[in-house]
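Me: I have a structure open and would like to walk through it with you. Could you help me read it, one question at a time?

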Amino acid sequence: MFFEDTVTMSRLLTSLTLVFHVIFATVGVGIPVLISIAEFIGIKKKDKHLQLLARRWTRGMTVTIAVGVVTGTAIGLQLSLLWPRFMQIAGNVISLPLFMEVFAFFFEAIFLGIYLYTWDRFKNPIYHWLLSIPVIIGSTLSAFFITTVNAFMNTPQGFELDGQTVTDINPLAAMFNPATPTKVFHVVASSYLTSAAILAAIAAIMLIKRKGSTYHRKALKLTVTATFIFAILTAVAGDLSAKFLAENQPEKLAAGEWHFETESGADLVLFGSLNEEGEAENSIRIPNALSFLAYGDFNAEVEGLNETPEDEQPPLWIHYMFDLMVSIGMYTLVVSAVFLLLWKVKKWNEENNLLLWLIASCGPLSMLAVEFGWIYAEEGRQPWILRGIMTVTEGATTSNHVGLMFILFTALYTVLGVGCVAVLRKMFKNHPAEAEFESRYPEVAATKEVE
């Protein structure tokens with residue numbers, strides 16, 4: 001029976017947890033940066049709207065962090081319960097970044113509490129802004145440490161394996177493995193981008209509903225500018241990641257690009273389908289672009305998937321995950337660039353409904369791109385849980401209770417998701433920004449129209 005296949009159920013439960021957790025982990029890393037930027041500019045320009053932005057974003061972030069703590073704890077629990085053989089080997093090697101991730105979270109939580117409860121407590125508001133810096137450091141370090149664990153699974157090093165006994169452990173070498181730089185850069189940059197895009201989407205939707213709102217207009221300009229900058233950083237990170245894969249995990253890049261034969265001047269294949277002979281058709285082909293993406297040379301030789309033993313090849317459907325991730329990233333970059341162009345050309349209206357709806361779509365699409373990226377990263381490593389050392393099947397539990405765990409965790413995530421949305425909706429819908437601005441800064445509201 002399906003529920004008795006412990007390997008499949010373990011993979012499904014882990015996937016469910018990661019897909020749900022990555023939503024809260026992403027905004028938990030990115031939103032502190034946006035909060036800090038908004039408050040800093042607000043202080044320097046004496047702009048109370050931007051300072052209120054930072055205040056309201058902080059309140060919302062505390063709710064998402066609370067949910068993220070639960071899902072993050074579930075991941076730690078499931079590593080031991082669902083993948084005991086993997087942890088028997090890897091747990092001895094990657095315990096340092098796992099411990100440091102917990103330390104980074106507590107560091108962030110302590111300063112977030114101080115930051116949250118010291119609004120208006122300083123004569124010079126810049127001192128309050130300074131408290132946002134350790135929150136950013138803590139959240140980014142948390143992403144760094146946990147990402148090094150995933151990087152280790154792709155390029156394991158820092159230990160020797162004598163049968164089932166782990167020897168010569170070097171935790172720093174394991175943490176700073178070859179995949180760490182590009183993977184951390186990509187995760188952090190995409191988290192910043194996605195958070196900015198989500199906040200921009202909220203501002204755009206509010207402007208569609210409330211034309212002329214000064215608060216939401218300023219929020220939109222700040223967040224779309226940040227989206228554009230972080231989209232460029234994410235594109236750079238993606239380029240570096242592709243070059244890393246070409247050197248270190250060529251089978252993942254080849255499967256993602258449907259590149260089967262080793263050849264020079266390899267084409268980049270976008271979307272399409274595979275026929276019965278395993279050839280791509282109905283696809284968009286960009287001549288020599290894969291060679292350039294992989295090595296920065298249009299005529300470089302790119303290893304094909306056929307060089308990898310058949311039982312070690314990733315599933316070919318990850319091609320669509322790669323294409324969707326990249327397409328959404330480019331879409332977000334173009335939409336934000338168009339908005340900034342229209343904003344600077346004063347005779348054009350950057351707040352027309354069509355453009356606002358395009359910006360609104362960037363929020364959920366950016367989060368989907370993060371999900372697609374993680375699916376591509378994890379499925380692209382298959383069949384390995386620890387590349388070249390242990391397969392997923394070898395690392396999974398043999399317990400026959402995983403099906404029950406799947407049902408219970410699905411119920412938990414449903415409650416958490418619905419509860420989070422309900423709390424955020426009540427928190428902000430019942431307390432609109434314009435009303436809070438008037439009550440908090442009556443002297444400013446009296447001299448400036450706030451619609």
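Reply: Happy to! Buried here means under 20% relative accessible area, with exposed being over 50% and partly exposed in between. Keep in mind that this is a predicted model.

Me: Then which residues of α10 are buried?

Reply: Helix α10 covers residues 250–257, and eight of its eight residues are buried, so the helix is largely enclosed by the rest of the structure. By name, the buried residues are P250, E251, K252, L253, A254, A255, G256 and E257.

Me: What covers the buried residues of α10?

Reply: Contact here means heavy atoms within 4.5 Å. By that rule, the cover includes one strand, β4 (268–270), and several helices: α6, α9 (214–248), α11, α12 (318–344) and α13.

Me: And what is the phi of W258, which follows α10?

Reply: W258 comes after the helix, and its phi is positive. The value is near 50°.

Me: Where else is phi positive in a residue other than glycine, and is D120 buried or exposed?

Reply: D120 has such a phi, near 65°, and N288 does too, also near 65°. N288 sits in the loop between β7 (284–286) and α11 (289–295) and is partly exposed at 23% relative accessibility. D120 belongs to the loop between α4 and α5. Its relative accessible area is 60%, and the cut-off is over 50%, so D120 is exposed.

Me: Which peptide bond is cis?

Reply: Look at the loop between α13 (353–379) and β9 (384–386), where P383 lies. Omega is about 10° at the cis bond, which joins Q382 and P383.

Me: Which nonpolar residues form a patch on the surface?

Reply: One member is I110, found in helix α4 (residues 95–116). With 52% relative accessibility, I110 counts as exposed. In an α-helix there are 3.6 residues a turn, so residues three or four places apart point the same way. The patch has about 350 Å² of accessible area together, and its members are V102, F106, I110 and I114.

Me: How are the rings of Y115 and W119 arranged?

Reply: By the ring-pair rule the count comes to 15 aromatic pairs. For Y115 and W119, the ring centres are 5.4 Å apart and the planes meet at 65°; planes over 60 degrees apart fall in one class, so this pair is edge-to-face.

Me: Are Y115 and W119 buried or exposed?

Reply: Y115 has a relative accessible area of 2%. W119 has 12% relative accessibility. Both values are under 20%, so Y115 and W119 are buried.

Me: What is S139 in contact with, leaving aside its neighbours within four places in sequence?

Reply: S139 is part of helix α6 (residues 132–154). It is buried, with a relative accessible area of 2%. Its contacts beyond those neighbours are G28, V29, P32 and E108.

Me: Last one: what separation do the C-alpha atoms of L130 and S36 have?

Reply: L130 is in helix α5 (residues 126–130) and is partly exposed, with a relative accessible area of 41%. Along the chain, L130 and S36 are 94 residues apart, while their C-alpha atoms are separated by 8.6 Å.

Note on methods. Residues are numbered from 1 along each chain as its sequence is written. This is a predicted model: local features need pLDDT of at least 70, side-chain atom pairs count only at pLDDT 80 or more; totals for chains, interfaces and linings use all residues. Side-chain values use heavy atoms; hydrogens and water are left out. Helices (H or I, at least four residues) and strands (E, at least two) are DSSP runs, numbered from the N terminus. Buried means under 20% relative accessible area, exposed over 50%, partly exposed in between (1.4 Å probe, protein chains only). Patches are made of residues with over 30% relative accessible area and no salt bridge: like charges are joined within 9 Å, nonpolar side chains (Val, Leu, Ile, Met, Phe, Trp, Tyr) within 5 Å. Accessible areas come from the Shrake-Rupley method with a 1.4 Å probe; for residues, only the protein chains shown count as cover. A salt bridge is a side-chain nitrogen of Lys or Arg within 4 Å of a carboxyl oxygen of Asp or Glu. Rings of Phe, Tyr and Trp (its six-membered ring) pair if their centres lie within 6.5 Å; planes under 30 degrees apart count as stacked, over 60 as edge-to-face and the rest as tilted.
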